[in-house]
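Q: I would like to learn how to read a model of this kind, feature by feature. Could you take me through it slowly?

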Amino acid sequence: MKKWIALVVAVLIALGGYVAAGPYLAINGIRTALAEQDTGKLERHVDFPALRVSIKAQMEDALARRAGSDLGSNIFGAVALSIASNVMGTGVDTMVTPLGIGALLQGRSMWKKSIGETVDGDTYGKPVPADPLKTATHKYESLSRFTATVQDEDGDPVVFVFKRKGLTWKLADIRLPL
C-alpha cells in the first residue's frame, strides 16, 4: 500500500514539475523555432488566433486614442478612422500567422546577411538568430498565466503573456507599449 501511495505522490510531483517548467519550455521552443526559422515548431508554442485578437485590439485602441474624440465626432473623421482600423486589422491578420512570421524571419535573415551579422562573421554564414526573449524577466501571475517582460529600445516594457491550457503553455498575448 505504501508503494502505491509513494508512486502516486511521485507522479503528482513530476506532473507539477512539468507544468511549472512549461513556460520555460515554451520560451525555449520559441527560441529554437526562431533560430531554425521553423514556423511549424513556432505554431506549437504560439496561440496565433488569441495573439491576433489581442494585438488587433491594442492597435485599434491606440489608433482611437491618438485620433481623439474630435475625429470620431466628425463624419469624415469617423469614416477615415474606420478605414484605417480595417487596414490595420487586415495587416495584423496577415502578419500574425505562421506564414507572416516566416516572411518576417526571412526578411530579417536577408537583412542580417547583407550587413554582415552572421554567426561566424562570414558573409555567407547563417545570420544571428532572433531572440526577443533573451533578456526577459519572468514571473508567474497565476497557476495558468506567466509573463516574460523585455524592454524595447525606448526602455518601455513589452510583456509576453503565456497561458496554460491543460498541461501545455503557449504564447497568447503580447502587451505592446503603444
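Q: Is K165 buried or exposed?
A: The general idea is a scale of relative accessible area, on which buried means under 20%, exposed over 50%, and partly exposed in between, computed with a 1.4 Å probe on protein chains only. K165 has a relative accessible area of 57%, and is therefore exposed. This is a predicted model, in which local features need pLDDT of at least 70 and side-chain atom pairs count only at pLDDT 80 or more, while totals for chains, interfaces and linings use all residues. Residues are numbered from 1 along each chain as its sequence is written, and side-chain values use heavy atoms, with hydrogens and water left out.

Q: Which residue meets the side chain of K165 in a salt bridge?
A: A salt bridge is counted when a side-chain nitrogen of Lys or Arg lies within 4 Å of a carboxyl oxygen of Asp or Glu. The partner of K165 is D47, at 3.1 Å from N to O. The two residues belong to distant parts of the chain, 118 residues apart, with K165 in strand β3 and D47 in the loop between α2 (39-45) and α3 (48-73); helices (H or I, at least four residues) and strands (E, at least two) are DSSP runs, numbered from the N terminus. D47, with a relative accessible area of 15%, is buried.

Q: How many salt bridges does a search of the whole structure find?
A: The search finds 6. Among them, E141 pairs with R175, the closest N and O atoms being 3.9 Å apart, and this pair connects strand β1 to strand β4 across 34 residues. E141 is partly exposed at 36%, and R175 likewise counts as partly exposed at 29%. Through shared partners, salt bridges join E141, R145 and R175 into one network.

Q: What is the order of the strands in the open sheet?
A: In general, strands of a sheet pair through backbone hydrogen bonds, either parallel or antiparallel. Here the open sheet has 4 strands in the order β1-β2-β3-β4, with antiparallel pairing, where two strands pair if DSSP finds at least two bridges between them. Because β1 (137-142) and β4 (168-175) stand at the edges with a single partner strand each, one side of each is left without a neighbour in the sheet. Neighbouring strands are turned by 25° against each other on average, direction ignored, the axes being lines fitted to C-alpha atoms (for helices over the stretch in contact) and angles running from 0 to 180 degrees between N-to-C directions. Strands β2 (residues 145-151) and β3 (residues 157-165) are joined over 7 bridges, and V150 stands opposite V158 in β3.

Q: Which helix lies across these strands?
A: Helix α1 (residues 2-36) lies across β1, β2, β3 and β4, and runs at about 135° to β1.

Q: Which residues have the most contacts inside the largest nonpolar core?
A: A nonpolar core is a set of buried Ala, Val, Leu, Ile, Met, Phe, Trp, Tyr and Cys residues joined through side-chain atoms within 4.5 Å. The largest has 24 residues, and F160 and F162 have the most contacts inside it. At least two residues of this core come from each of α1, α3, β2, β3 and β4, and α1 gives the most, with 6 residues. Leaving aside neighbours within four places in sequence, F160 is in contact (heavy atoms within 4.5 Å) with residues including P132, F146, V150 and L171.
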